[in-house]
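Please look over the sequence and the model shown here, and then read on for an account of its sheet, its helices and the surroundings of its ligand.

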Amino acid sequence: MTLTPIRPQPQPGILSIAPYQPGKSQAAPGVTPVKLSANESPLGASPAAIAALREISLNPEVYPEGTSRILRDALGEVHGLDPERIVCGNGSDDLLHLLAQCYLGVGDNAVMSRHGFNVYPIVTRAASAELIMVPETEYRADVDAILAAITPQTRVVWLANPNNPTGTYLPHAEIQRLHAGLRPDILFVLDSAYAEYATAPDYRPGVDLVDAADNVVMVRTFSKMGLAAARIGWLYGPAHVVDVLNRVRGPFNVNRPAQFAGAAAARDRAFTEELAAYNATWRTWLTTALHANAIRIVPSEANFVLALFADADTARAAFSALFNEGLIVREMGVYGIENGLRISIGPEAALRRLVEILRAFGAPGGR
Ligand SMILES: Cc1ncc(COP(=O)(O)O)c(C=O)c1O
């Protein structure tokens with residue numbers, strides 16, 4: 001008989017969490033790595049943001065302004081939003097944790113799409129709530145299936161749009177239909193981490209939905225736009241949600257260099273546009289080139305593509321072939337897509353080399 005030792009115990013659900021696995025960043029010995037595993041910017045960061053980081057880092061003795069005022073003002077100005085309805089976080093992960101902590105608890109559940117972002121299970125279970133994962137159609141969130149999965153205990157719906165790791169998106173009309181089917185007491189968290197990269201004409205990041213409803217928040221990040229290291233996320237929501245989050249968040253949850261860098265990056269529209277244009281060009285190129293290699297690519301609106309191989313063994317072999325040449329992509333086992341590899345839209349030379357290497361891994365006639 002095993003006895004449970006008497007010692008401090010975590011809250012229910014926490015020991016069922018599988019810790020988040022970041023993309024690999026080290027290459028084989030002696031090989032210089034090119035990281036195509038974390039959806040980082042291939043063009044660096046906004047020069048204005050780098051200058052702000054340099055300057056503000058020189059005074060580490062000063063506390064940050066607790067509400068991230070200068071960052072919220074810049075976001076309000078650039079996106080036409082009321083800064084009072086913005087909350088900033090230490091990356092958007094911070095805000096996802098905060099939302100779960102404030103709106104989920106024992107006996108509640110949260111609903112997400114089968115291949116939704118892997119932080120949603122973590123934050124849901126960390127709040128001792130149950131998770132309901134809903135099957136997708138062709139790697140895309142299925143609105144009817146999500147609505148059918150809602151139970152009286154559902155308190156939160158998590159949805160990334162575009163989604164990581166599939167790259168698929170739902171048109172605004174589908175997002176509206178999903179929202180219209182939710183009870184008004186369910187918080188709809190629209191995670192628009194990749195909004196800057198979406199080019200589909202019927203895509204919208206969700207500002208209008210937040211404005212029209214009392215139960216929708218839009219979560220955004222600077223991580224995909226060149227500032228992943230600075231850890232800056234933000235959220236736009238109804239005043240009552242903003243009030244709740246501001247009571248609970250860390251009092252200085254965004255550091256001072258990050259606040260100034262984020263404000264500078266938000267105003268640097270030229271850099272944002274340059275990065276988005278680069279991404280659109282090379283996402284199309286990569287998709288076409290891998291199709292020509294007889295590798296199936298899930299249509300992407302993000303800054304990565306999901307490549308699907310004939311089987312898990314082929315995906316593993318493709319990963320190794322790339323890894324041995326220093327090209328690090330993201331394995332998808334943790335998402336249950338054993339035959340998939342997620343490839344960030346990285347530097348041109350790396351993408352060209354990747355396509356050459358993957359020529360050997362297509363399934364003839366098999367896309
Ligand atoms: C859909 C989605 N949401 C949120 C995040 C978290 O971003 P960060 O915490 O770096 O702001 C990511 C990062 O991969 C993501 O893919």
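Strand 2 (residues 86-89) runs antiparallel to strand 8 (residues 233-236), and four bridges join the two; strands here are DSSP runs of E with at least two residues, helices are DSSP runs of H or I with at least four, and both are numbered from the N terminus. Two strands pair if DSSP finds at least two bridges between them. This is a predicted model, in which local features need pLDDT of at least 70 and side-chain atom pairs count only at pLDDT 80 or more, while totals for chains, interfaces and linings use all residues. Residues are numbered from 1 along each chain as its sequence is written.

Within this pairing, Val87 stands opposite Leu235 in strand 8. Strand 2 is covered on both faces, with Ile86 and Cys88 buried on one side and Val87 and Gly89 buried on the other; a residue is buried if 20 or more other C-beta atoms, placed from the backbone, lie within 10 Å of its own.

Strand 8 also pairs with strand 7 (residues 216-221) in the antiparallel sense, over four bridges, and there Leu235 is the bridge partner of Val219. Seven strands form an open sheet with mixed pairing, in the order 2-8-7-6-5-3-4. Strand 2 and strand 4 (130-134) are the edge strands, each pairing on one side only.

Two helix pairs can be set side by side, with axes that are lines fitted to C-alpha atoms over the stretch in contact and angles that run from 0 to 180 degrees between N-to-C directions.

| Helix pair | Axes come within | Crossing angle |
|---|---|---|
| helix 2 (residues 69-79) and helix 9 (residues 256-267) | 8 Å | roughly 10° |
| helix 10 (residues 269-292) and helix 12 (residues 348-358) | 10 Å | roughly 10° |

Helix 10 and helix 12 are therefore roughly parallel to each other, a term that covers angles under 35 degrees. In their contact, Trp282, Leu286, Ala289 and Leu290 of helix 10 meet Glu348, Leu351, Val355 and Leu358 of helix 12, where contact requires C-beta atoms, placed from the backbone, to lie within 7 Å. By class, this contact has seven nonpolar, no polar and one charged residues; Ala, Val, Leu, Ile, Met, Phe, Trp, Tyr, Cys and Pro count as nonpolar, Asp, Glu, Lys and Arg as charged, and the others, Gly among them, as polar.

Which residues are around the ligand? Among them are Gly91, Ser92, Asp93, Phe117, Asn164 and Asp191, on the criterion that the C-beta atom, placed from the backbone, lies within 6 Å of the molecule. The shell around the ligand divides into four nonpolar, six polar and two charged residues.

Terms used: Parallel < 35°, antiparallel > 145°, perpendicular 65-115°, else oblique. Contact = placed C-beta atoms within 7 Å. Buried ≥ 20, exposed ≤ 12 C-beta atoms within 10 Å, placed from the backbone.
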